[in-house]
Amino acid sequence: MADAGAAEAGATFGAGPEDDLARAALALARRFAAGATLWCVAPGWPEHARHVAVEFVHPVIMGTRALPAVSVVDPDPVPALRSTVRSGDLLLAVSTADDRAVQSAMRRAGAWGVTTVWVGAGPRPQPGAADHVLWADGPAAVAAHDGSVVRIYHLLWELTHVCFEHPGLVSPEGAQAACEPDSGCVTCSDEGRLAEVLASGADTAEVRTAEGPATVDTMAVGAVRPGDLLLVHGGAAIAVLEEAGDGA
Amino acid sequence: MPEGTDFLYPFIEGGERDAGPLLLDLARSAVGKHGVSVALRTATLSAAGSTMDATAGAMGAAFAAGGRLFSFGNGGSATDAASLAALFSRPPSGRALPARSLADDPAVLTALANDVGFDLVFSRQLIAHASAGDIAVGLSTSGSSRNVLTAFAEARRRGMVTVGLAGYDGGEMVTSADVQHCLVVGSDSVHRIQEVQAAVAFALWEAVQQRLEHDDG
């Protein structure tokens, strides 16, 4: 919260940590209003996943609504998430940026149709690794235990509930009408879509995308395996995405 | 169409469409709450100085003599109890110490809650596991959670060192003879209390590590 000045002065809405928090809270509120479940993972610190989930499910402030949130505390949460998350859901991870299981879940979120929030400390994830990155100051080993990380998701919960006081901005109709200028619409643009391979055949694969299951042509990329992430364009896989962080 | 004067306040009818003002409000609110949390941490740690010293001294002596730490709490305080136990048992540096949370095992918790009642879910585990010289650390933002207070009573019966982390005005914990060391975060926001209780727990861990290091040297 170091560069709080812009928001305090009411100046241009910026890129400070408080601005990131505000955007994440509005995104959560909109998704919840549309029926999302919030999936919470924290492979290295399972207590944080549980804390986030209980925060939303059983609010401490009277009058705030209980929201569907679930902690998945498996060391590798990807298999459980893959089988249960639905398009439109939310995924919140609390971890360091180098957590392999979280990296894997974040990479797949696009194919699952899930909006992602990554809370952590220490070196930040690569830009674009999650839809919303909320990072604490200081070394991760300290921030995870001294209340700094807890404060981030507490604030996220508090701000999310403030958003519900603005139904026009949160309801599915309102959220659509109130599209922010900088939020590009991937669905109708000419970009490739992310797909996760469910099963592969000769020259085709059954895949999962944010819009649902599909069969895609894999001629251009060669053999694929279940779990592979593909970039799909016009019904054909145009690339197999390598593990994030590369060199990995 | 809106009627009367509603057209002056379109957001009342859910017609609000510009997210800009809300985002600015949210960001301002985040900055304010963050500031409150940091100020509360500073005030709490400086006011608790001598209590922290005494608490860390008792805990350090107990660990040095082979004692183990058991932490407990409900809800967010259960997860904070787990975080505290993880910090002591899998520390980023220093000596790993025997510590675990009594709120982690759903089989044990549901068995006890179902068979003997929720007030006894922690005290019955202390009967099974703990003995004189062990450490009981209970967290309760109200300071008055029944199962936490019951566990402190059992802990004292067994000769354990008892440490309570409370919020608000300290609740029943602050006057209970069963809580030898009580650290109160004086706030009426559960969120701010939990954030600062974590900072208190971290400061306690650092102080215990320093004492053990000093003893070793």
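Me: Quick one to start: are A:Trp118 and A:Trp135 buried or exposed?
Reply: Buried, both A:Trp118 and A:Trp135. Keep in mind that this is a predicted model.

Me: OK, and how do the rings of A:Trp118 and A:Trp135 sit, edge-to-face or stacked?
Reply: Edge-to-face: the centres of A:Trp118 and A:Trp135 are 6.1 Å apart, with 85° between the planes.

Me: Which parts of chain A does that pair tie together?
Reply: A:Trp118 is in strand E4 (residues 115–121) and A:Trp135 is in strand E5 (residues 132–136), so the pair links parts of chain A that are 17 residues apart in sequence.

Me: How many aromatic pairs are there over all chains?
Reply: Six in the structure. Another one to look at is B:Phe63 with B:Phe88: the ring centres are 5.8 Å apart and the planes are at 25°, so that pair is stacked.

Me: Why does that count as stacked?
Reply: Because planes under 30 degrees apart count as stacked, and the planes of B:Phe63 and B:Phe88 are at 25°.

Me: Where do B:Phe63 and B:Phe88 lie in chain B?
Reply: B:Phe63 belongs to helix H2 (residues 49–64) and B:Phe88 to helix H3, so this pair ties together parts that are 25 residues apart in sequence. B:Phe63 and B:Phe88 are buried too.

Me: Which residues form an aromatic cluster?
Reply: B:Phe72, B:Phe122 and B:Phe152 make up one cluster.

Me: And what lies over the face of A:Phe164?
Reply: That would be A:Arg65, at 4.0 Å from the ring centre.

Me: Which residues line the largest cavity?
Reply: From chain A you get A:Ala144, A:His145 and A:Val150. From chain B the lining has B:Asp80, B:Ser83, B:Leu84, B:Leu87, B:Leu139, B:Gln197, B:Ala198 and B:Ala201.

Me: Which elements give two or more residues to that lining?
Reply: Helix H3 (76–89) and helix H7 (190–216), both of chain B. H3(B) supplies the largest share, four residues.

Me: How does the lining of the largest cavity divide into nonpolar, polar and charged?
Reply: Seven nonpolar residues, three polar and one charged.

Me: What about pockets: what volume does the second largest pocket have?
Reply: About 360 Å³. Its lining has 17 residues, and those nearest the centre are A:Arg50, B:Gly75, B:Ala78, B:Ala103 and B:Leu109.

Me: Which elements give two or more residues to the lining of that pocket?
Reply: In chain A it's helix H3 (46–57). By class, the pocket lining has eight nonpolar, five polar and four charged residues.

Me: Last topic, chain B as a whole. How many helices and strands are there?
Reply: Seven helices and five strands in chain B. Starting at the N terminus, the order is α-α-β-α-β-α-α-β-α-β-β-α.

Me: What radius of gyration does chain B have, and what would a compact globule have?
Reply: Chain B has 21 Å, whereas a compact globule of 217 residues would have a value near 17 Å. Along the principal axes, the C-alpha atoms of chain B fill a box of roughly 75 × 45 × 30 Å.

Me: And what percentage of chain B is buried?
Reply: Buried residues account for 51% of the 217 residues in chain B.

Note on methods
Residues numbered from 1 in each chain as written. Chains lettered and ligands numbered in written order. Predicted model: local features only at pLDDT ≥ 70, side-chain atom pairs only at ≥ 80, totals over all residues. Heavy atoms only, no water. 1 Å grid on protein atoms, 1.4 Å probe; cavity = no way out; pocket = protein on both sides within 12 Å on 5 of 7 lines; lining within 4 Å. Nonpolar A, V, L, I, M, F, W, Y, C, P; charged D, E, K, R; others polar. Phe/Tyr/Trp six-rings, centres within 6.5 Å; stacked < 30°, edge-to-face > 60°. Buried < 20%, exposed > 50% of the residue type's maximum accessible area, 1.4 Å probe, protein only. Lys NZ or Arg CZ within 6 Å of the ring centre and 35° of its normal. Rg over C-alpha atoms; globule rule 2.2 N^0.38 Å. Points joined across faces, edges and corners; volume = space filled by probe spheres on them.
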